[in-house]
Amino acid sequence: MTADLVILTVRTGELHVLLIDRGNPPYLGQPALPGGFVRDGETLDQAAYREMAEETGLHEGEVVLEQLRAYSKPDRDPRGRVITVAYLALSPELPLPVAGTDAAEARWVLVEEALATELAFDHNEILRDCLEAARVRLEHTTAAAVFCREPFTVADLRHVYEAVWGQRLDPSNFRRKVTKTAGFIEPTGGRRFPDVGRPAALYTRGSATLLVPPLLRTGAEEPQH
């Protein structure tokens with residue numbers, strides 16, 4: 001049993017995923033998601049956080065991991081029958097990772113670039129699934145606010161949606177939807193004064209966890225009631 005980690009963050013306005021270059025066979029030197037085997041006496045969660053620390057230098061207090069799903073194709077690992085559980089993490093802009101004992105290098109890579117790269121094992125499939133899961137979460141939950149360091153502006157939040165969804169959003173329409181959704185964001189009363197342009201109101205995360213109604217991507221349909 002292994003744990004594989006998809007850690008997503010928005011850096012310089014674009015969605016990035018954490019990749020390593022494998023330091024051991026199989027796929028020696030090939031890009032891959034961080035991860036590794038569960039040791040005796042460990043839970044899956046403990047193994048996931050340990051592997052994250054060993055391969056990237058990031059620790060449990062910096063990133064929250066959430067189990068997404070298991071992958072069990074018999075031939076997914078050339079070493080033998082290995083079932084893996086994918087973990088997804090969404091986090092605000094994180095520092096540069098530091099490769100540890102099991103990785104030759106750890107780095108942030110644009111998601112689109114990572115998807116176009118041949119990753120080790122079935123990690124392209126895992127990354128695609130986790131990316132879609134993250135996009136759905138932004139539609140139905142307040143997870144996008146997790147990417148924003150508080151306090152933030154509505155524009156900051158919109159840029160997160162644009163980065164994760166890969167779509168440009170109408171600023172006025174987005175502001176209207178977000179500010180009218182109860183518990184999504186709360187005004188601080190403060191403002192950010194840019195060098196050019198009008199000052200922008202500052203917000204913090206609200207108490208809501210679900211978005212009702214959902215904030216859907218372009219082309220998605222509203223659920224029927």
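1. Let's start with Tyr 27: its relative accessibility is 30%, so it counts as partly exposed (buried is under 20% relative accessible area, exposed is over 50%, and partly exposed is in between, using a 1.4 Å probe and protein chains only). Tyr 27 sits in the loop between β2 and β3 (31–32), where helices (H or I, at least four residues) and strands (E, at least two) are DSSP runs numbered from the N terminus. Its phi is positive, about 60 degrees, even though Tyr 27 is not a glycine.

2. Before going on, a word about what you're looking at. This is a predicted model, in which local features need pLDDT of at least 70, side-chain atom pairs count only at pLDDT 80 or more, and totals for chains, interfaces and linings use all residues. Residues are numbered from 1 along each chain as its sequence is written, and side-chain values use heavy atoms, with hydrogens and water left out.

3. Thr 12 is another one to look up. It has a positive phi near 50 degrees and is not a glycine either. You'll find Thr 12 in the loop between β1 (2–11) and β2 (14–22), and it is exposed, because its relative accessibility is 68%. For background, most residues other than glycine have a negative phi, and most peptide bonds are trans.

4. Now for the cis peptide bonds. One runs from Glu 150 to Pro 151, with omega near -10 degrees, and Pro 151 belongs to the loop between α3 and α4. Another joins Val 212 to Pro 213, with omega near 0 degrees; Pro 213 falls in the segment after β9 (200–205).

5. Thr 153 is in the loop between α3 (123–140) and α4 (154–165). Is Thr 153 buried or exposed? It is buried, because its relative accessible area is 5%. Leaving aside residues up to four places away in sequence, Thr 153 touches Arg 192, Ala 200, Ala 201 and Leu 202 (contact means heavy atoms within 4.5 Å).

6. Finally, the cores. A nonpolar core is a set of buried Ala, Val, Leu, Ile, Met, Phe, Trp, Tyr and Cys residues joined through side-chain atoms within 4.5 Å. The largest has 43 residues, and those touching the most other members are Val 6, Leu 8, Leu 15, Val 17, Leu 157 and Tyr 161. Elements supplying at least two residues each include β1, β2, α3 and α4. Apart from this core lies another, of 15 residues, with Ile 7 and Tyr 49 among them.
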